Amino acid sequence: MDSLLRPLLDAPPAVVYLVCALLITAETALLPGIVLPTLSTLLLMGFLAERGTLHLGLAWAVAVAAAVLGDQLAYLEGRHWGPRLAGRVGRDRWERAETAVARCGVPAVIAGRCLAGVRTLVPRVAGSAAMPYRRFAVGSVAAAVLWASAELLVGHTTALMV
């Protein structure tokens with residue numbers, strides 16, 4: 001296992017934090033980000049924290065900040081270009097998603113962060129559905145904290161077993 005991870009174990013921590021932050025941000029900030037391996041990224045960050053390459057608290061802060069930044073950019077995209085995005089996804093599906101986000105509010109934003117693929121779309125749908133920004137931001141931060149904490153701790157704990 002160490003031979004596969006050697007490049008990351010040997011990379012300067014600042015580079016590892018930066019690459020991880022870019023991946024996490026891009027997943028929600030960019031529609032093609034839907035294919036980025038953010039779960040693997042968080043697990044790896046937790047693993048590297050246990051190995052001493054990264055600091056767990058800083059890894060957590062980077063992951064949360066990157067997730068929140070990506071969400072905010074996607075929300076703004078939905079706010080400005082929601083109807084255009086609806087055409088790409090399908091108007092019926094988009095409208096059902098807007099209705100669900102408007103009805104459920106913050107819990108929808110939190111649940112969306114926990115589902116791969118959905119986390120790329122929910123901030124855009126929330127913006128398009130005109131969810132009040134403050135409510136969205138609260139949900140985004142809460143979701144990022146829960147998501148990053150859980151995934152980093154799983155990676156950290158798994159490293160203890162290896």
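**Exercise 1. Helices α4 and α5**

The axes of α4 and α5 cross at roughly 125° and come within 6 Å. Classify the arrangement of α4 and α5, and list the residues that meet.

Solution. The model is predicted: local features need pLDDT of at least 70, side-chain atom pairs count only at pLDDT 80 or more, and totals for chains, interfaces and linings use all residues. Residues are numbered from 1 along each chain as its sequence is written, and side-chain values use heavy atoms, with hydrogens and water left out.

Step 1: Helices (H or I, at least four residues) and strands (E, at least two) are DSSP runs, numbered from the N terminus. Axes are lines fitted to C-alpha atoms, for helices over the stretch in contact, and angles run from 0 to 180 degrees between N-to-C directions. Under 35 degrees is roughly parallel, over 145 roughly antiparallel, 65 to 115 roughly perpendicular, and the rest oblique.

Step 2: classify. The crossing is roughly 125°, and α4 and α5 are therefore oblique to each other.

Step 3: list the contact (heavy atoms within 4.5 Å). From α4 come Gly82, Pro83, Leu85, Ala86, Gly87 and Val89; they meet Arg91, Arg93 and Trp94 of α5.

Step 4: sort by class. Ala, Val, Leu, Ile, Met, Phe, Trp, Tyr, Cys and Pro count as nonpolar, Asp, Glu, Lys and Arg as charged, and the others, Gly among them, as polar. The contact of α4 with α5 has 5 nonpolar, 2 polar and 2 charged residues.

**Exercise 2. Two partners of α7**

Determine how α7 is oriented to α5 and to α2.

Solution. Step 1: take α5. Helix α5 spans residues 91-104 and helix α7 residues 118-128; their axes come within 9 Å and cross at roughly 80°. The two are therefore roughly perpendicular. Trp94, Ala97, Glu98 and Val101 of α5 meet Arg124, Val125, Ala126 and Ser128 of α7. This contact of α5 with α7 holds 5 nonpolar, 1 polar and 2 charged residues.

Step 1: take α2. Helix α2 (residues 13-29) packs on α7 at about 55°, and the axes are 7 Å apart. The pair is therefore oblique. Glu27, Thr28 and Ala29 of α2 face Arg119, Thr120 and Arg124 of α7 in the contact. By class, the contact of α2 with α7 has 1 nonpolar, 2 polar and 3 charged residues.

**Exercise 3. Salt bridges**

How many salt bridges does the structure hold?

Solution. Step 1: count. The structure holds 3 salt bridges, each a side-chain nitrogen of Lys or Arg within 4 Å of a carboxyl oxygen of Asp or Glu.

Step 1: arginine 119 and glutamate 27. Their side chains meet at 2.8 Å, N to O.

Step 2: arginine 113 and aspartate 71. The closest N and O atoms are 2.7 Å apart. Arginine 113 has a relative accessible area of 2%, so it is buried. Aspartate 71, at 3%, is buried too.

Step 3: arginine 124 and glutamate 77. The closest N and O atoms are 2.7 Å apart. Arginine 124 is buried because its relative accessibility is 0%.

**Exercise 4. Leucine 56**

Describe the surroundings of leucine 56.

Solution. Leucine 56 is in helix α4. With a relative accessible area of 27%, leucine 56 is partly exposed.

Step 1: list contacts. Leaving out residues up to four places away in sequence, leucine 56 touches Ala49, Leu152, Leu153 and His156.

Definitions and conventions: Buried means under 20% relative accessible area, exposed over 50%, partly exposed in between (1.4 Å probe, protein chains only).
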